[in-house]
Amino acid sequence: MSSITALTHLFCENNQLTSLDVSANTALTYLKCYNNQLTSLDVSNNTVLQVLNCGANQLTSLDVSSNTALEELICNNNELTSLDVSSNTALVDLICNNNELTSLDVSSNTALEELYCKDNQLTSLDVSKNTALEKLFFYDNKL
């Protein structure tokens, strides 16, 4: 049997996890850990991660700056006050509904096709550089 470090897909959603250490899982491309009780999640070592779904947790911060291969990020229903996706130029889908985001800069995400950022505290949203955008939901903000 291969080592756990060779793990490429991890699905651990709908549990009551309070912590999750994926730092040794450097081959991870899919991580779905939504609907748990995570207060933090470190994905800095997961540089080939393509899909991250960490929605419905208790995250107050999320650093995805090392995840440059990320194509889908779902982090809705958390307590995020900021989200920096400037390094995630491959991002196609971003779902960050129901957080506490006060700003969201998607100017580097020119491949973005779907953006869901409703129910936040956004006061502005510039999508002028997102020419591939097909779906945009941004209601219930402070725009």
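Let's start at Lys-135, which is partly exposed, with a relative accessible area of 38%. (Buried means under 20% relative accessible area, exposed over 50%, and partly exposed in between, using a 1.4 Å probe and protein chains only.) Before going on, note that this is a predicted model: local features need pLDDT of at least 70 and side-chain atom pairs count only at pLDDT 80 or more, while totals for chains, interfaces and linings use all residues. Residues are numbered from 1 along each chain as its sequence is written, and side-chain values use heavy atoms, with hydrogens and water left out.

So what does Lys-135 form with Glu-114? A salt bridge, with the closest N and O atoms 3.8 Å apart. (That term means a side-chain nitrogen of Lys or Arg within 4 Å of a carboxyl oxygen of Asp or Glu.) Lys-135 sits in strand 7 (residues 135-137) and Glu-114 in strand 6 (residues 114-116), so the pair ties together parts that are 21 residues apart in sequence. (Strands are DSSP runs of E, at least two residues, numbered from the N terminus.)

Searching the whole structure turns up two salt bridges. Asp-119 and Lys-118 form one too, with their closest N and O atoms 3.4 Å apart. Here Asp-119 is partly exposed, at a relative accessible area of 24%, whereas Lys-118 is buried, at 18%.

Now look at Asp-93, in strand 5 (residues 93-95). Asp-93 is buried yet has no salt bridge, and the nearest side chain of opposite charge, Lys-135 again, is 8.0 Å away. (For charge, Lys and Arg count as positive and Asp and Glu as negative; His and the chain ends are not counted.) Skipping neighbours within four places in sequence, Asp-93 is in contact (heavy atoms within 4.5 Å) with Glu-71, Glu-72, Leu-73, Leu-112 and Glu-114.

Next comes the largest nonpolar core, with its 31 residues. (Such a core is a set of buried Ala, Val, Leu, Ile, Met, Phe, Trp, Tyr and Cys residues joined through side-chain atoms within 4.5 Å.) Among the members that touch the most others are Leu-31, Leu-52 and Leu-73. Leaving out residues up to four places away in sequence, Leu-31 touches several residues, including Leu-10, Val-43, Leu-52 and Asn-53.

Finally, visit two loops. Ala-56, between strand 3 (51-53) and strand 4 (72-74), has a phi near 55 degrees, a positive value in a residue other than glycine. Asn-98, between strand 5 and strand 6, also isn't a glycine, and its phi is positive at about 55 degrees.

Terms used:
Helix = DSSP H or I, 4+ residues; strand = E, 2+ residues; numbered from the N terminus.
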